[in-house]
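Colleague: Could you take me through this model? I would like to start with the strands.

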Amino acid sequence: TCFCALYLQIVQLLNMKEAAGTSEKAKSKESSGPRKIVLPNTITDRTKAKTYQTGSLLGTGGFARVFLVTDQVSGNLFANKVIDKEVFKEKKNAKEKVEREITIHRTLNHNHVVKFISYFEDKMFVHLLLELCPQKTLLHVARHRKNVAEFEARFYTRQILEGLHYIHSRGILHRDLKLGNMFLSESMVVKIGDFGLATSFE
């Protein structure tokens with residue numbers, strides 16, 4: 001059922017009216033996003049003695065914001081998913097959800113799953129360093145291209161199913177499959193991301 005629903009979402013990109021409706025819905029959701037997070041120009045992972053330069057805001061979701069960061073030594077770019085620790089005081093089970101997300105995501109290693117790099121904390125925030133997907137998501141494809149060819153829908157669906165097969169083989173359910181969580185690498189390879197609602201099964 002999940003696979004069929006996801007395939008239908010991708011095929012809907014062929015329909016311009018459907019894509020336009022998705023765009024309006026997304027704008028409404030963004031307006032009620034998480035609290036504003038202001039990061040210093042540099043952040044430091046003291047456990048690994050690594051410092052990162054803070055860049056632009058890449059996106060928002062749930063109670064997190066995602067920023068571009070640059071490793072000051074290697075120059076490598078990452079996506080930094082930042083959670084304000086104040087949320088742990090305000091929302092029941094928020095801390096446990098973040099801990100579960102870290103525990104699950106860090107065990108995954110597949111070409112069609114966003115790579116988990118590392119995580120660290122400071123006094124105010126939890127930082128999850130993730131693989132950068134510069135071409136954004138399939139939702140952005142829906143908004144800006146309005147439609148895709150049928151062969152492209154097949155191309156994306158195959159990659160998503162390969163990623164999901166791997167995730168399920170590891171005893172994990174994603175539970176939040178949607179176009180906005182299908183990230184795209186520089187070469188337009190699909191990477192399943194955002195494991196905030198994921199859980200394990202036996």
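**Strands, then a helix**

Modeller: Leucine 57 stands opposite phenylalanine 67 in β3. Strands here are DSSP E runs of at least two residues, helices are H or I runs of at least four, and both are numbered from the N terminus. This is a predicted model, where local features need pLDDT of at least 70, side-chain atom pairs count only at pLDDT 80 or more, and totals for chains, interfaces and linings use all residues. Residues are numbered from 1 along each chain as its sequence is written, and side-chain values use heavy atoms, with hydrogens and water left out.

Colleague: How many bridges join β2 to β3?

Modeller: Seven, and the two strands run antiparallel. Strands count as paired if DSSP finds at least two bridges between them. In their hairpin, two residues lie between the strands, and glycine 62 has a positive phi near 60 degrees.

Colleague: And what is the bridge partner of isoleucine 43 in β2?

Modeller: Tyrosine 52. β1 (residues 42-45) and β2 (residues 50-61) are antiparallel, joined by four bridges. Their hairpin has four residues between the strands, with alanine 49 at a positive phi near 55 degrees.

Colleague: Switching to helices. Where is glutamine 159 found?

Modeller: In helix α6, residues 150-169.

Colleague: Is glutamine 159 buried or exposed?

Modeller: Buried, because its relative accessible area is 2%; the cut-off for buried is under 20%, exposed is over 50% and partly exposed is in between, using a 1.4 Å probe and protein chains only. Leaving aside residues up to four places away in sequence, glutamine 159 touches His112, Met188, Val189 and Val190, where contact means heavy atoms within 4.5 Å.

Colleague: What else is buried in α6?

Modeller: Among others, Glu152, Tyr156, Ile160, Gly163 and Ile167.

Colleague: Which residues touch the most other members in the largest nonpolar core?

Modeller: Leu108, Leu138, Ile167, Met182 and Phe195, out of 21 residues. A nonpolar core is a set of buried Ala, Val, Leu, Ile, Met, Phe, Trp, Tyr and Cys residues joined through side-chain atoms within 4.5 Å. α5 (138-145), α6, β8 (182-184) and β9 (190-192) each supply at least two residues of this core. The largest share, five residues, comes from α6.

Colleague: What does isoleucine 167 touch?

Modeller: Leu108, Val113, Ile172, Ile192 and Phe195, again not counting residues up to four places away in sequence. Apart from that core lies another, of 11 residues, including Ala64 and Val98.

Colleague: And what follows α6?

Modeller: Glycine 171, with a positive phi near 75 degrees.
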